[in-house]
Amino acid sequence: MNENITVDNELDEELFEHHKFVATKGQSILRIDKYLMHLLENATRNKIQQAATSGNIFVNDVPVKSNYKVKPFDVVTIMLSHPPFENRVDPEDIPLDIVYEDDALLLINKPAGLVVHPGHGNYTGTLVNALAFHFQNLPLNSSERPGLVHRIDKDTTGLLVIAKTEQAMTHLAKQFENKTSEREYVAIVWGNVAKDEGTIEGNLARHLKDRMQMAVFADPEIGKPAVTHYKVLERFGYITVISCILETGRTHQIRAHLKHIGHPLFNDERYGGHLILKGTTFTKYKQFIDNCFKILPRQALHAKTLGFEHPTTKEMMRFDTELPKDMKECIEKWRTYSNTNMLNEEED
């Protein structure tokens with residue numbers, strides 16, 4: 001099967017893992033070059049085929065050609081002769097909004113647009129680059145990333161805790177793993193959420209068609225368990241402001257769970273919330289939504305509250321932040337719109 005593959009390295013040269021993917025149970029049979037195109041940003045099919053010809057693509061630890069058919073549970077890795085760029089962190093003088101700091105940890109209020117750590121397509125300008133500039137000798141997490149205990153998406157705002165010592169890293173990471181930390185988010189979602197409060201449960205894994213999305217699967221053998229508790233804070237008819245408390249912390253958990261119950265985050269392009277999903281067909285309404293999107297040009301999600309046991313003092317600590325300006329202005333705009341419409345309906 002692999003007779004035409006040439007390995008692009010000397011026999012004694014080490015190969016470094018750059019990407020690793022595990023095909024889900026529901027994965028349809030698909031050529032590996034097509035499979036990887038859905039997973040790797042900015043990767044062309046030609047480049048993937050070249051990597052396979054050079055012996056850099058492995059399935060279950062065996063190099064394969066580009067016509068190999070990926071099957072459920074296959075472990076696909078891309079191995080290259082140089083370390084991945086995301087493991088190299090150059091210090092960059094990027095300002096940090098530090099909410100709290102002591103000898104063991106610090107709390108950062110992350111702005112929208114700041115990527116948390118280097119990765120494919122984002123090798124500079126991240127929070128980790130900023131941490132490397134402002135702090136020395138931060139401990140590495142299990143992914144070799146300095147200081148990071150957890151992360152939030154690029155366009156999500158809010159609180160992140162950073163470990164400054166090995167002991168703090170271990171202690172804090174264990175709390176997140178054991179679900180003893182407190183994490184509350186505020187979100188604006190499309191639609192009038194029916195129940196005042198509820199729980200969304202469902203295993204999360206990569207979407208079978210759009211690999212940049214996560215999706216909910218009923219099969220317990222697919223993906224990882226995820227639990228989100230929500231509570232309605234304010235209703236405006238076509239949208240709802242809610243609080244979300246995470247019991248687990250999976251990739252895109254809130255975004256995927258809310259889409260699953262029919263209430264995508266307002267202006268969440270990845271999950272379809274950048275379209276007008278509720279409301280009227282009037283031109284004035286469309287203009288109103290466009291103005292809201294300009295005020296809030298990202299998914300409407302903020303990590304508002306973070307609580308945990310301090311790794312040194314064992315004191316329970318709880319931090320809370322105000323909603324960012326863009327979300328507050330958007331909510332106020334909806335509040336005004338909702339009140340005006342209600343008055344007009346009463347007069348009619």
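The legends below describe close-up views of a predicted model.

**View 1. Strand E15 and its two pairing partners.** Strand E15 spans residues 239–246. On one side of the pairing list is strand E10 (residues 182–190), which runs antiparallel to E15 over seven bridges. Within this pair, Ala-187 has Ile-242 of E15 as its bridge partner. Strand E14 (residues 227–235) is also antiparallel to E15 and is joined to it by seven bridges. Here Arg-235 stands opposite Thr-240 of E15. Seven of the eight E15 residues are buried, so the strand is largely enclosed by the rest of the structure.

**View 2. The hairpin of E14 and E15.** Three residues lie between the two strands of this hairpin. Gly-237 has a positive phi near 80°.

**View 3. The largest nonpolar core.** This core has 31 residues, and those with the most contacts inside it are Leu-127, Leu-131, Tyr-185, Ile-242 and Leu-258. At least two core residues come from each of strand E8 (105–110), helix H3 (127–134), strand E9 (157–163), E10, E14, E15, H5 and E16. Helix H3 gives the most, with four residues. A second, separate core has 20 residues, including Val-241, Ile-289, Phe-293 and Tyr-337.

**View 4. Surroundings of Leu-127.** Apart from neighbours within four places in sequence, Leu-127 is in contact with Leu-96, Ile-108, Leu-114, Val-115, Val-116, Leu-148, Leu-160 and Ile-162. Nonpolar side chains tend to be buried together in soluble globular proteins.

View 5. Leaving out neighbours within four places in sequence, the contacts of His-252 are Asp-153, Met-212, Met-214 and Tyr-271.

View 6. Not counting residues up to four places away in sequence, Leu-296 touches Ile-188, Phe-266, Asn-267, Asp-326, Met-327 and Cys-330. One of these, Phe-266, is 30 residues away from Leu-296 along the chain, and the two C-alpha atoms are separated by 8.9 Å.

How values were computed
Residues are numbered from 1 along each chain as its sequence is written. This is a predicted model: local features need pLDDT of at least 70, side-chain atom pairs count only at pLDDT 80 or more; totals for chains, interfaces and linings use all residues. Side-chain values use heavy atoms; hydrogens and water are left out. Contact means heavy atoms within 4.5 Å. Buried means under 20% relative accessible area, exposed over 50%, partly exposed in between (1.4 Å probe, protein chains only). Two strands pair if DSSP finds at least two bridges between them. A nonpolar core is a set of buried Ala, Val, Leu, Ile, Met, Phe, Trp, Tyr and Cys residues joined through side-chain atoms within 4.5 Å.
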